[in-house]
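Please keep the sequence and the structure in view while reading.

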Amino acid sequence: MKSAKGKTLSAKRYATRKVRYQAKANIVDVRQIVKDLRQINPEIRYENCFAAEQFTSGLIAFRPQKISSAKQINHHDKDVVCHVIKGRGRLRLKRRRIELRPGMICHIPKGTPHDFAAGKSGELVLFYSLIRTA
C-alpha cells in the first residue's frame, strides 16, 4: 500500500490513514477484539464491531464443552452470515450438523433454528453479521 508521497505503508498505518481520509469508514483489528471479547457464559464470548439500523456485525467465540446443549436460537427478523476466522466446530441447522473450518462462510435465513459449537481441540471464532430482512 502506498501513501500519497509514494512510500509503502504497513497494514496498520494504512488502516489508520484510511480512517482519517474516509470519515465514515470503520476499521477494526480482529486480533485485538478477540483478546477483549465479553463473556456471555462459560462457552460463549462476543463483541459487536459495527452496527446500523439494518445490521449488526461482530466477533463471537465458542469454547469446547464436554456436553453440548440442545438449545438453538432463532432470529425471526434477521438473516445470519458467519465467516469462520479460527478453529473448528460445527453448525447445527434444525437437526442437520455441518462441520466448520477456517475460511468457510455460512448463511442462515431468518427463522431458521441454529447453534454453533467448538470442536474438541480449541476455540471456534466467527465473524458474524445479523441482517434485518423484515
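His 75 is found in the loop between β3 and β4; strands (E, at least two residues) and helices (H or I, at least four) are DSSP runs, numbered from the N terminus. The model is predicted, so that local features need pLDDT of at least 70 and side-chain atom pairs count only at pLDDT 80 or more, whereas totals for chains, interfaces and linings use all residues. Residues are numbered from 1 along each chain as its sequence is written, and side-chain values use heavy atoms, with hydrogens and water left out.

Not counting residues up to four places away in sequence, His 75 touches Val 80, Lys 110, Gly 111, His 114 and Leu 130, where contact means heavy atoms within 4.5 Å.

His 114 is also among the contacts of Leu 91. Leaving aside neighbours within four places in sequence, Leu 91 is in contact with residues including Arg 96, Ile 98, Leu 100, Cys 106, Ile 108 and Phe 116. Phe 116, in β8, is the bridge partner of Leu 91.

The strands β5 and β8 pair in the antiparallel sense over five bridges; pairing requires that DSSP finds at least two bridges between two strands. An open sheet of three strands runs in the order β6-β5-β8, with antiparallel pairing. Its edge strands, β6 (96-100) and β8, each pair on one side only. From one strand to the next, the twist averages 20°, with axes fitted as lines to C-alpha atoms and angles running from 0 to 180 degrees between N-to-C directions.

The largest nonpolar core has 17 residues, and those touching the most other members are Phe 62, Cys 82, Leu 91, Leu 100, Phe 116, Leu 124 and Leu 126. Such a core is a set of buried Ala, Val, Leu, Ile, Met, Phe, Trp, Tyr and Cys residues joined through side-chain atoms within 4.5 Å, buried being under 20% relative accessible area with a 1.4 Å probe, protein chains only. The strands β3 (55-62), β4 (78-86), β5 (89-93), β7 (105-108), β8 (114-118) and β9 (124-132) each supply at least two residues of this core, and β9 gives the most, with four. In soluble globular proteins, nonpolar side chains tend to be buried together.

Terms used
Buried < 20%, exposed > 50% of the residue type's maximum accessible area, 1.4 Å probe, protein only.
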